[in-house]
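Student: I would like to learn how to read the features of a model, one at a time. Please give the general idea before each case.

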Amino acid sequence: MNAAAVRDAEVISAGPTEIVVTCVTDPGLSLATLIGEHEIVTSGPNHVARVEGLTADTDYAIAVEGHPGGDPHLPSIVRTLPVPPGRLRATVATVNDVHFGEIECGRVDGLMEEELGPILRAEPGEPPYPHTMNAAAIAEIDALHPDAIVVKGDLTCRGTHDEYEQFLAAYGALGPAMRHVRGNHDAMLDPTMAIEGAPFAIELDGVTLVVLDTVQPGSDRGQLTKEQTRFLADVAGSTSDPVLVFGHHHIWNLDADRRSAQYFGINPDDSERLADVVASHENIAGYFAGHTHRHRVRRFARMRHVPCVEIGCTKDYPGTWAEYRIYDGGYTQTVHRMATPAALSWSERTRPMFAGLYRDYALGGLDERCFTYLF
């Protein structure tokens, strides 16, 4: 096969027992992907090569037919994640930035399409793309049967009650295990919509999830009130179990030399208050956000180097949700790309957004999508 026929090959996931490779060809083209000794033959245009039942903490050779190699998104060797010690306590799934009601993808206020395009829309006769992408996420999460599902904000596009009802109708299919918290999009018109009682805790077998409200109504910037951080401190202080913390906005760079009152995430003062709570409670084992539409992990000495995670959006490229498996001795994070034909078709159409820079921004490194953390 001509090497130019294979485009955008990526190792999208590497969990403890599973590796997933995606790529694009012209329609109807078949190609073989090798993952260790396993050969998977798929047909284009959107290819998903998945191998399950692998051995944890083991190197596997990766090769895609016709691909020349040398691409950091398609490493020649991928190592599966180690499994933390002890028994599996709970499984959790998360999504964020689902944006029901959105009809344009890639628009940046104040810029013309020619400056930072393309701006993309569903074609006539297609369902709205938030419905396409979220239906795929809901089906995959439902098949996992997690103990809890947390939707981390930006449930809507403009914050209307109709959009919120669309979200509730779709994600309500996951039943009482599904909990949600608002994002900045959800508080643009009604500062009380989708608060859902945050902050709140979800107690599972051997782990507690704390969900925080990071929204400043009417603004895209984030905050953490003293009520929110006090609640987290009280919950963490009342249990010896690990605590995983979820919110919509990401935290400030605690190592930055300068401060910003206009920061897109949680403002510096409130981020430092969160850091102080994490520093004083050794059972807090991670903070997980959305908002930025990218995959990134940062670790700060002030927060005992626990992962501060951002998960990419569900509504466009690469179109993902995250799975957490919590054991006695730690947890694994595995990011999954929705793999239905309709979801792959839309996420591939949105790949070239923002003047072709979106892939490198949104996808992040494999180790920022999939990792193991030990308590």
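Tutor: Start with the labels: helices (H or I, at least four residues) and strands (E, at least two) are DSSP runs, numbered from the N terminus. The model is predicted.

Student: Where is the place of D57?

Tutor: D57 sits in the loop between β5 and β6. As background, most residues other than glycine have a negative phi, and most peptide bonds are trans. D57 has a positive phi of about 55° although it is not a glycine. Its relative accessibility is 36%, so D57 counts as partly exposed.

Student: For D97, what is phi near, and does the residue count as buried or exposed?

Tutor: Phi of D97 is also positive, near 55°, and D97 is not a glycine either. This residue belongs to the loop between β8 (88-95) and α1 (113-116). Buried means under 20% relative accessible area. D97 has 0% relative accessibility and therefore counts as buried.

Student: Which peptide bond is cis?

Tutor: There are two to look at. The bond from G44 to P45 is cis, with omega near 20°, and P45 lies in the loop between β4 and β5. The bond from Y317 to P318 is cis as well, with omega near -5°; P318 is in the loop between β16 (308-310) and β17 (320-327).

Student: How do I read a sheet, and which order do the four strands have?

Tutor: Strands of a sheet pair through backbone hydrogen bonds, either parallel or antiparallel. Here an open sheet of four strands runs in the order β4-β3-β6-β7, with antiparallel pairing. β4 (38-43) and β7 (77-79) are the edges: each has a single partner strand, so one side of each lacks a neighbour in the sheet. On average, neighbouring strands of this sheet are turned by 30° against each other, direction ignored. Within it, β3 (residues 30-35) and β6 (residues 59-64) pair over three bridges, and I35 stands opposite I62 in β6.

Student: How many bridges join β1 to β2?

Tutor: Five bridges join these antiparallel strands. β1 and β2 form a hairpin with four residues between them, and E10 faces T22 in β2. Six of the eight residues of β1 are buried, so β1 is largely enclosed by the rest of the structure.

Student: Next, helix packing. At what angle do α2 and α3 pack?

Tutor: Two packed helices are described by the angle between their axes and the distance between the axes. For α2 (residues 129-144) and α3 (residues 161-171) the angle is about 30° and the axes are 10 Å apart. The two helices are therefore roughly parallel, and α2 passes α3 in a right-handed crossing. H131, N134, A137 and I138 of α2 meet Q166, A170 and Y171 of α3. By class, this contact has four nonpolar, three polar and no charged residues.

Student: How far apart are the axes of α4 and α5?

Tutor: The axes of α4 (residues 226-237) and α5 (residues 268-280) are 10 Å apart, at an angle of about 10°. That makes α4 roughly parallel to α5. The contact involves K226, T229, L232 and A233 of α4, with R273, L274 and V277 of α5. These residues divide into four nonpolar, one polar and two charged.

Terms used: Residues numbered from 1 in each chain as written. Predicted model: local features only at pLDDT ≥ 70, side-chain atom pairs only at ≥ 80, totals over all residues. Heavy atoms only, no water. Axes fitted to C-alpha atoms, helices over the stretch in contact; angles between N-to-C directions. Parallel < 35°, antiparallel > 145°, perpendicular 65-115°, else oblique. Contact = heavy atoms within 4.5 Å. Nonpolar A, V, L, I, M, F, W, Y, C, P; charged D, E, K, R; others polar. Left-handed = near helix turned anticlockwise from the far one by under 90°. Pairing = 2+ DSSP bridges. Buried < 20%, exposed > 50% of the residue type's maximum accessible area, 1.4 Å probe, protein only.
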